[in-house]
Amino acid sequence: MLNYVLRRLIYMIITLWVIITATFFLMKLLPGNPFGEVAAKLPPENLAILKAQYGLDKPEWQQYLQYLGNVAQGDLGVSYQFPTRSVVSVIKQSFPASLELGVESLVIAIIIGLTLGIVAALRHNKWQDYSAMIIALIGISIPSFVLAPLLSLYIGNKWGILPPGLWEGPENRILPAFALALGTIATLARMMRASMLEVASLDYIKTAKSKGLSTRKIVTGHMLRNAILPVVTILGPIAVGVITGTLVVENVFVIPGLGYQFVSSITTLDYTMITGLTIFYAAILIVVMFLTDIAYGLIDPRIRMSGRR
Amino acid sequence: MGKPILEVKNLRVSFKMYAGEVQAVRGVSFTVDKGEVLAIVGESGCGKSVTAQTIMRLIPTPPSYIKEGSSILFDGKHEIAKMTESQMERVRGKDMGMIFQDPMTSLNPTMTVGAQISEGIRKHNQKVSKAEAFKRSAELLTLVGMSNAEERIQQYPHELSGGMRQRVMIALSLACNPKLLIADEPTTALDVTIQAQIIDLLRDIQEKTETSIILITHDLGVVAEMAHKVIVMYAGKVVERGTLDDIFYNPRHPYTWGLLRSVPRLDSDKNNELASIPGTPPDLYAPPVGCAFAARCPYAMKVCKEIDPEHFEVSADHSAACWLNHPDAPEVEMPVGIGRGSHG
Amino acid sequence: MESLSKDKFQPAEKTTNAESIVRPSLTYWQDAWRRLRSNKMAMAGLIILVLMTILAIFAPMFSKFDYETQYLKDIDLKPSWGHFFGTDDFGRDLWTRVWWGTRISLLIGVIAALIDLVVGVLYGGISAYFGGKVDNVMQRIVEVIYSIPLLLLAIILIVFLGPGISSIIIAYALTGWVGMARLVRGQLLLVKEQEFVLAARTLGAKPKRIILQHLIPNVIGLVIVQITFIVPTAIFFESFLSFIGVGIRPPMASLGNLINDGAHYMRYQPHRIIFPTIVFSLILLSFNVLGDGLRDALDPKMRK
């Protein structure tokens with residue numbers, strides 16, 4: 001197990017390094033100077049001072065090392081458009097809302113998705129199964145960027161049942177969290193159903209039955225745990241989907257989160273903000289993937305013991 | 001010995017499939033006495049596994065259905081064919097245990113061996129504490145010949161070898177001292193050397209506990225090792241029944257001959273070739289009108305293709321469903337190499 | 001029973017050959033097609049996709065309008081016989097724009113799938129075929145690329161390269177092929193170890209023959225299924241990027257930017273979001289049910 005964790009850790013670091021390096025070289029490709037429009041009007045000698053201050057007069061490989069060092073210390077640079085704002089301060093300010101939205105929607109998705117999948121499998125080929133799978137198909141074919149505006153318009157504006165946007169009380173949470181969750185609900189429901197049906201056909205379920213266990217006991221004691229194993233492996237990608245989904249949902253519902261910041265920095269072409277936030281997002285996503293991998297190892301005794309994968 | 005523990009009468013089981021009805025078991029009758037080992041032999045697909053699993057009602061309905069008129073009388077009082085699911089739960093694991101074919105897949109991979117054995121114990125003896133159940137599990141593992149039982153119960157199936165897992169399966173099926181043990185191809189998935197050990201173990205336990213056993217197998221070597229009575233199944237029917245000696249030394253059905261000829265024997269002449277039975281069993285979507293074996297039978301007569309033969313009694317416990325046993329049928333020499341002592 | 005006539009006990013003439021009882025054999029593809037056809041959902045998906053493709057190709061051709069010309073006197077019209085889907089705030093005909101956008105989206109999906117197919121199959125195939133050290137190094141690379149979040153990489157690439165169809169395709173192609181490569185390699189390794197390949201090798205079959213006769217047929221089903229999932233993923237990818245403003249820019253139309261545009265005007269002109277959304281969702285839905293159907297139809301394990 002320790003070996004396994006270490007190996008995943010090394011991959012995590014390599015992946016982050018690749019991303020940071022990519023952003024560095026993309027920045028170098030940019031025409032003009034790194035201080036934005038404001039600096040273009042400065043006299044050349046002042047510009048030289050500024051460059052020296054940021055180490056831009058040094059050879060590129062030194063700049064690259066310094067960039068790596070800065071990122072490693074948690075310094076993601078300052079905004080290209082508003083040099084007084086550091087990327088980290090923006091993250092501190094807006095990440096909590098995104099985190100809350102992401103976690104809420106993930107919890108909703110896991111509860112509803114798994115329940116739908118389990119019910120569908122236990123009532124295989126009955127109306128419960130068909131309805132759950134229709135919900136799942138709808139969820140897959142209506143992505144968040146379609147669902148979010150529609151929810152905001154109809155339930156928010158036209159019918160006035162819930163607020164169409166903003167981030168104030170708990171009632172503001174419901175629509176965005178659900179808009180973000182639907183796709184995940186669908187994926188989880190389909191996967192859980194398939195996994196339950198697969199497990200139900202395995203020999204050891206017959207063994208459990210031959211011991212005289214009740215159907216309930218077989219489902220809770222033998223099927224659920226084994227059926228959930230493959231589902232855990234996709235929690236990583238699912239979390240990635242939820243996090244990227246916040247980019248859309250926060251913009252539709254005008255939520256002051258990181259996704260909103262990210263998209264506005266794209267619109268204003270705030271290059272340093274974009275790269276800084278990208279590195280931050282990438283770090284989160286990779287850590288989430290890492291954690292789900294470890295979680296998988298913890299609940300599957302076959303991996304827990306041997307550390308193979 | 002003596003009193004029957006299980007009486008199966010005219011058991012018919014069908015599977016309703018998309019393409020129609022598969023008649024997997026077509027009127028099977030047999031009895032198992034207390035302390036007796038009954039072997040059911042036949043090719044794969046002959047209905048022997050379905051019969052075995054139906055006795056414990058392990059095949060879900062749908063798609064399988066026990067047809068009207070079938071009777072499975074257990075211990076003289078339980079009519080299995082008509083029991084409800086919750087009644088069955090009290091019988092399964094307690095009065096009957098089952099050993100499955102593939103120990104690699106019949107144990108839950110995410111549960112310790114001890115938990116899997118004690119689960120059954122606790123289901124049928126509510127008063128037993130968890131600790132006691134684990135203790136009993138360890139004793140059972142010792143009984144089936146596993147050393148370090150105390151450590152073994154904490155292990156997961158993937159930490160054990162195939163033979164070890166099958167021992168766990170046996171311990172699990174014995175957990176509540178069942179009156180009847182059904183072993184569905186218990187050695188097929190194992191290495192040859194392990195096969196012998198498992199058969200020895202089963203025979204040993206059978207002698208110690210006097211449990212009745214139904215042994216499902218296609219391996220006649222295994223049958224010879226431990227069975228008292230044998231029934232031979234083909235295409236969902238019993239084609240011959242008898243004692244071990246009847247079947248091995250005086251078989252009366254060409255299908256049984258074919259089965260016996262396909263087993264290598266140490267005492268047979270070297271020039272006897274190992275024979276296989278040509279062809280495949282019939283499609284049970286639409287069973288043939290006459291004898292199901294007629295299409296593959298080298299001795300087939302006109303009557304065989306028209307009328308399905310009843311059982312002809314050879315002796316009190318030996319009968320065969322074959323027209324060759326009809327008084328008007330021509331005398332047929334049994335193929336050489338089998339039935340030693342029957343024709344002089 | 002006792003009264004049977006003696007001649008019934010004469011040997012029967014061998015009418016049926018014992019070996020001929022088995023059912024008529026179908027080839028793998030006939031069998032798969034038979035099963036796909038019996039799957040109503042998958043067939044409905046296939047038919048919808050064919051219709052959508054036809055409309056995407058021909059609707060803009062036969063329309064009186066084109067996707068970019070602005071008719072400033074026809075601004076913000078509701079759907080009518082003149083403009084089936086209405087017009088937008090520049091007076092552009094939405095019927096034409098929606099089908100033009102469908103064409104672009106499908107094109108991106110298909111090109112992305114083709115790139116995935118070529119790169120993924122080659123990479124996975126080489127990795128599995130050579131095995132050993134080559135495989136090891138290639139797989140380490142795959143593992144790193146696999147954990148890079150695709151959308152983020154695409155966003156920064158497009159921000160720096162500038163938006164457009166080719167940027168989207170390049171961004172997708174950079175990481176999209178990895179899934180296919182893993183799949184192909186996994187399946188090939190599985191097949192390679194199976195008895196029939198070992199048998200063929202023992203019998204002295206040449207590598208070319210083994211690849212053509214054994215490996216490719218066993219991988220192709222899986223690849224086809226994967227493609228039916230890649231196309232909608234790529235379409236989704238484009239739409240997502242267009243929605244957050246780094247995808248395809250107007251006046252060029254794509255389903256993503258039509259939906260994004262529509263979202264801004266949906267309060268007063270719901271038709272602007274509804275039509276592209278319906279087309280988009282139907283495409284995703286159809287690809288998904290078709291993919292599910294194909295997976296069931298092509299899965300040899302399910303073959304009875």
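Tutor: In this predicted model, two residues are in contact if their C-beta atoms, placed from the backbone, lie within 7 Å.

Student: Leaving aside neighbours within four places in sequence, with which residues is Ile182(B) in contact?

Tutor: Ile182(B) is listed among the residues with the most contacts inside the largest nonpolar core. Once its neighbours within four places in sequence are left aside, the contacts of Ile182(B) are Ala52(B), Ile55(B), Met56(B), Met96(B), Met98(B) and Ile214(B).

Student: How many residues does β2(B) supply to the side of domain 1 of chain B that touches domain 2 of chain B?

Tutor: The domain assignment of chain B gives domain 1 as 4–227 and domain 2 as 234–325, and their C-alpha centres lie 27 Å apart. Across this boundary, 21 residues of domain 1 of chain B are in contact with 15 residues of domain 2 of chain B. On the domain 1 side, β2 (20–33) and α8 (220–226) of chain B each supply at least two residues, and that side divides into 11 nonpolar, 8 polar and 2 charged residues. The largest share of that side comes from β2(B), with 10 residues.

Student: Which element gives the most to the side of chain B that touches chain A?

Tutor: Here 23 residues of chain B are in contact with 18 residues of chain A. Both α2 (85–91) and α3 (113–124) of chain B supply at least two residues of the chain B side, which by class has 7 nonpolar, 8 polar and 8 charged residues. With 4 residues, the element that gives the most to that side is α3(B).

Student: Why is strand β10 of chain B largely enclosed by the rest of the structure?

Tutor: Lys229(B), Ile231(B) and Met233(B) point one way from β10(B), whereas Val230(B), Val232(B) and Tyr234(B) point the other way, and all are buried. Strand β10 (residues 229–234) of chain B is therefore largely enclosed by the rest of the structure, the number of its residues that are buried being 6 of the 6.

Student: Which residue of β11(B) is the bridge partner of Tyr234(B)?

Tutor: Strand β3 (residues 37–41) of chain B runs parallel to β10(B) and is joined to it by 4 bridges, with Val41(B) standing opposite Val232(B). Strand β11 (residues 237–243) of chain B runs antiparallel to β10(B), with 6 bridges between them. The hairpin of β10(B) and β11(B) has 2 residues between the strands, and Ala235(B) in this hairpin takes a positive phi near 50°. In β11(B), the bridge partner of Tyr234(B) is Lys237(B).

Student: How much of chain C counts as buried?

Tutor: Chain C has 10 helices and 0 strands. Among its contacts between residues at least 6 apart in sequence, 67% join residues at least 24 apart. Of the 304 residues of chain C, the share that counts as buried is 40%.

Definitions and conventions. Residues numbered from 1 in each chain as written. Chains lettered and ligands numbered in written order. Predicted model: local features only at pLDDT ≥ 70, side-chain atom pairs only at ≥ 80, totals over all residues. Domains from an automatic or database assignment. Nonpolar A, V, L, I, M, F, W, Y, C, P; charged D, E, K, R; others polar. Core = buried A, V, L, I, M, F, W, Y, C linked by C-beta atoms within 7 Å. Buried ≥ 20, exposed ≤ 12 C-beta atoms within 10 Å, placed from the backbone. Pairing = 2+ DSSP bridges.
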